[in-house]
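Please consult the sequence and the structure shown below.

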Amino acid sequence: MYRFRRLRRDEKIRSMMQETRLHPKDFLYPIFVMEGEKIKNPVESMPGIYQYSIDCLDEILEQVKTADIGGIMLFGIPTHKDPYGSQAYAPDGITQRAVRYIKEQYPALYIVVDVCLCEYTSHGHCGMICGEEVLNDETLPYLVKMAVSLAEAGADMVAPSDMMDGRVEAIRTGLDQAGFTQTPIMAYSAKFASGYYGPFREAAHSAPGFGDRKSYQMDYANGQEALREIRADIDEGADIVMVKPALAYLDVLKEASLTFNMPLAVYNVSGEYAMVKAAAANGWIDERRIVMENLTAMKRAGAKIIITYHALDVVKWLA
């Protein structure tokens, strides 16, 4: 009889047999930056996460630099919002200014910037609207303008999260025409209309003003459709494709890793983070053990990049 337990007998042999290992370079850490000065606002539903004004970013950026993680994922929160999300692509927009500041002060830090209009529009949807309909084709030029303006500010990678059809091709064409042929696109390819986004919408001030996002984000019941979405983004020129959220969609992530020979990202989203934090605060779970298990599962399922609010804690635990 073969005895599997022979290779589990003690920590030394278990370590040698371990198939999946987390590394600081696996992680992108999300940061929320907003207009104003001397701002470090705690996000109530996400313990340990804050909104920062640009003059207060050094505190968190120094932690990221010390942790030597893969990079940051930047989300901007403007003061002015209008139906066209004009601050999303303004040269002096909050996100563009933040990118320039980070590149000046932390030139080695890799910056990925979310490309979507929901944080910038007065109606809170990810595209242009007509009545209560979110328009697809009419939104694409605005997403292109945003992506190009962020590349001009110094962003290393753009990550469209809007889920408009054809946006990857439009952004790739726009970046190339503007001379940014080396700027990669990480597409939120299989982004589901999920209940796990609630705390993020508090943090980013991005809740829709009417209705929901089910007409453009994916039905969480559909796995094969997710693979078609991923394939479409690959065909349009995405360099990295993403599954979002993470934990309830590891089957999609695994299937994508087996189907496509492409780098995969996964977003360990705000609701997943908040649930762990809440349970740990009540003493119901061991936070460190649960987080490490969750993130290892994401990597085991095929993620090359893990976007997670736990990143800085995990690096300390790995050390």
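## Basis of the description

Helices (H or I, at least four residues) and strands (E, at least two) are DSSP runs, numbered from the N terminus. The model is predicted: local features need pLDDT of at least 70, side-chain atom pairs count only at pLDDT 80 or more, and totals for chains, interfaces and linings use all residues. Residues are numbered from 1 along each chain as its sequence is written, and side-chain values use heavy atoms, with hydrogens and water left out.

## Helix H5

Just after H5, Gly179 adopts a positive phi of about 95 degrees. Within H5 (residues 167–177), the buried residues are Arg167, Val168, Ile171, Arg172, Gly174 and Leu175. These residues lie on the same side of H5, because they cover an arc of only 165 degrees around the axis; the arc is that of the directions from the helix axis to the C-beta atoms. Buried means under 20% relative accessible area, exposed over 50%, and partly exposed in between (1.4 Å probe, protein chains only).

The buried residues of H5 pack against strands E5 (111–115), E8 (157–160) and E9 (186–191), and against helices H4 (140–153) and H7 (224–236). Contact here means heavy atoms within 4.5 Å.

## Helix H4

H4 has 14 residues and spans 20 Å from its first C-alpha to its last, close to the 20 Å expected at 1.5 Å a residue; the expected span is 1.5 Å times one less than the number of residues. Because 10 of its 14 residues are buried, H4 is largely enclosed by the rest of the structure. Among the buried residues of H4 are Leu140, Leu143, Val144 and Met146. Their cover includes helix H3 (94–105), E5, E8 and H5. Gly154, which follows H4, has a positive phi, near 120 degrees.

## Salt bridges

A salt bridge is a side-chain nitrogen of Lys or Arg within 4 Å of a carboxyl oxygen of Asp or Glu. By this rule the count is 12. One network of salt bridges links Asp162, Arg167 and Asp233.

Asp26 and Lys299 form a salt bridge at 2.9 Å, N to O. Asp26 lies in the loop between H1 and strand E1 (27–34) and Lys299 in helix H10 (residues 287–300), so the pair ties together parts that are 273 residues apart in sequence. Asp26 is buried, at 10% relative accessible area, whereas Lys299 is partly exposed, at 24%.
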